[in-house]
Number of protein chains: 2
Amino acid sequence: MMDREKVTSELSVKTPSKIILLVMDGLGGLPINGQTALQAAKTPNLDTLASQSVCGLTDPVFMGITPGSGPAHLSLFGYDPTRYTLGRGILEAMGIGVDVGTYDLVARGNFATLKDGLITDRRAGRIPSDENAALCEKINLELDPIEETEVTLFPGKEHRFVVRFRGRGLTASLSDADPQKNNKPPVFTLAQNKDGHRSAKIVNAFIDKTTDILQGSPRANSILLRGFSKFPSLPTMDRLFQLNPVAVAHYPMYRGLAKLVGMKLAEVGPTIEDVFSTTEKVYAKFNFFYLHVKKPDAAGEDGCYEEKIKAISETDTFIPRLLALKPDVLVVTSDHSTPCLLKSHSWHPNPFLLHSRTAQQDQVSEFSEIQCASGYLGRFPALYAMTLILAHAEKLKKYGA
Amino acid sequence: MMDREKVTSELSVKTPSKIILLVMDGLGGLPINGQTALQAAKTPNLDTLASQSVCGLTDPVFMGITPGSGPAHLSLFGYDPTRYTLGRGILEAMGIGVDVGTYDLVARGNFATLKDGLITDRRAGRIPSDENAALCEKINLELDPIEETEVTLFPGKEHRFVVRFRGRGLTASLSDADPQKNNKPPVFTLAQNKDGHRSAKIVNAFIDKTTDILQGSPRANSILLRGFSKFPSLPTMDRLFQLNPVAVAHYPMYRGLAKLVGMKLAEVGPTIEDVFSTTEKVYAKFNFFYLHVKKPDAAGEDGCYEEKIKAISETDTFIPRLLALKPDVLVVTSDHSTPCLLKSHSWHPNPFLLHSRTAQQDQVSEFSEIQCASGYLGRFPALYAMTLILAHAEKLKKYGA
């Protein structure tokens, strides 16, 4: 019976042809005053490109499922997101360069404000990153191993950190130690099965000790932990698809994800232009380029329709620079939709555009959610995007005789 | 979980309703000067038919996968091509009427020219078929059994033959004994797992002995073997779908494939008209007619755009004769696409048209790749074509109560 990954992998061949996958995070949306942000944005380059491409709509997991960034990206990279499941902790950890080993347990953390027995601010007033770094250092210095488990904090941006528990016998079957909303009492982690009791005890002891160490700190006097996870073992894109891939992504989450599937990580600044200038710089060295533009998602999450329009319009201006590189395949799509109306990820499918010499051009003349629905590719699981991409780059042999 | 084959099979009933499946091999293509061959061809009958039918696009295996003729046809016949895999040797063997038993190993062969230790022509200058037949006879006469394995050659057209190894303990896990390109040294077969060592030894001894026998022959003085395969066991269309099917196909490959799924084989000449006149002749005796028109694929493989247009236009003229038979279901589609641009099979989906009293007519008014994309059937796996066909022929009972 069909194993998509196995079939695709067996047919993949190494060729010099080059592929650019531009992910405009959270691009898809819902109309506000009759237009989605993508429709309202000034996108002359994407529209021209769409009219010279084959288009469609993709479902990241399956119809109706709202994906996190992990499953949404895995799917686009050709990994079945229901087969390979990733904790958010591991993504965050890898993204900020934390060394995570086979036995390690990691989680995402927030510094938070505890007052009168309630978590009054889950983000500790978004403390500056250097205050965060100082607190992590202080905790790392004062904290002793717990049941032979060494615990280390790694500061992220603002109030965010990653914690790594290094020791034997740890499991990730733990609930989040996070009340999820402000003005609720702190929550300890709970083992989700009987294997998790010892790990839960160690994590909760760590929360207690850290809260003690943080006493006296005005805002950041408590911590929340979520997304407990261990190191997942994924076949690399090199092994699966014979690709030599690089990620041109600035944010830790996406760098972490790219690293998990075996991509090299390019050094890239925070602006939209940085993504494109970095791609130009590293273009000679790889044959698969994952470009990540975060802003449409961030604007969608904030419900800032105008910001989302601006981010999309700005990205559009760099399309000619991608085309100037003459990739054999250029795909523009999103990992998931983030409608401003919902201020969150959503289950709506992603507009998808594939430009290649071997693509059947369709009648889509504007890169939008609605026009992509009438594209030649139809509506399809994002998981098939990679097989399609490889086919158009002529990197797949014939199946059977 | 759903087993499509099991469900379809359990619901299938014998009825007198008649189905014609016209496969225009390699029909789908990519535009050249703005038009695919199908668009450029003169197809007034197919266009009228499309406007009175339900249309769509099919993926032979899954999106992005380029199928060989075997998987592409199996899929159309309702057999999962990732579940039933076929060696090309077995198809070729059955197509030329070779008796293949359970223990037999077969392969496709070429006569080739060996000069100064290099294969200088993999097709021995396409020797005439009668020279081929004489050589096969000579080899069959002079060759003794090898390790109790009887080896027989069966001539095909020009330089092609099938070889059958008849004996116990043979396996098909053997690499091709074919350098694939001219001006490379000959290649022996290699066992692909430890079970294959004895079979490899027998095959390689056969190559040696045959090369000796061919010494002195000017062009055909060497052989190449590929597609080692054994007899696959497929449920017949009669058993699966309660059909009484016949193949109206001239070429060995397609006759072999039809035979594998239990079709009767009609005697049919090489022209396009032969397909239609033979169908008329045998129409009373069967209720499922697989019609195979090879020319669009052959022209696509050669990159002959004008030839492909001509073959499609010619086929179109016979559509009224099919309609005159008043089949309950008439389907026109291809097994896979063969764009002249690529000169090979491709992964692009097939235009699909289903004409029946029970079909939901859509707004497709021209039988083309692009128009079919907006058909009512949408884009779907070719594997579901048979279920759809049976349904429209009212040969499927209700599922569940």
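**Close-up 1. Asn350(A) has its place in strand 12 of chain A.** In this predicted model, Asn350(A) has a relative accessible area of 1% and is therefore classed as buried, the cut-off being under 20%. Its side chain comes to 3.3 Å from the backbone oxygen of Asp335(A). When neighbours within four places in sequence are left aside, the residues in contact with Asn350(A) include Thr333(A), Ser334(A), Asp335(A), His336(A) and Ser337(A), and Gly56(A), Leu57(A), Thr58(A) and Pro60(A) are also among the contacts of Asn350(A).

**Close-up 2. A nonpolar patch on the surface is formed by Leu341(A), Leu342(A) and Trp347(A).** Together these residues present about 290 Å² of accessible area. Leu342(A), one of the members of the patch, is located in the loop that lies between strand 11 (329-333) and strand 12 (350-356) of chain A.

**Close-up 3. Helix 15 of chain A, residues 385-392, is largely enclosed by the rest of the structure.** This description holds because eight of the eight residues of helix 15 are buried. The buried residues of helix 15 are Ala385(A), Met386(A), Thr387(A), Leu388(A), Ile389(A), Leu390(A), Ala391(A) and His392(A). Just after helix 15 of chain A, the backbone at Glu394(A) adopts a positive phi of about 55°.

Methods: Residues are numbered from 1 along each chain as its sequence is written. Chains are lettered from A and ligands numbered from 1 in the order in which they are written. This is a predicted model: local features need pLDDT of at least 70, side-chain atom pairs count only at pLDDT 80 or more; totals for chains, interfaces and linings use all residues. Side-chain values use heavy atoms; hydrogens and water are left out. Buried means under 20% relative accessible area, exposed over 50%, partly exposed in between (1.4 Å probe, protein chains only). Helices (H or I, at least four residues) and strands (E, at least two) are DSSP runs, numbered from the N terminus. Patches are made of residues with over 30% relative accessible area and no salt bridge: like charges are joined within 9 Å, nonpolar side chains (Val, Leu, Ile, Met, Phe, Trp, Tyr) within 5 Å. Accessible areas come from the Shrake-Rupley method with a 1.4 Å probe; for residues, only the protein chains shown count as cover. A salt bridge is a side-chain nitrogen of Lys or Arg within 4 Å of a carboxyl oxygen of Asp or Glu. A polar contact is a pair of N or O atoms within 3.5 Å; within protein, one must be able to donate a hydrogen and the other to accept it, and residues adjacent in sequence count only if both atoms are side-chain atoms. Contact means heavy atoms within 4.5 Å.
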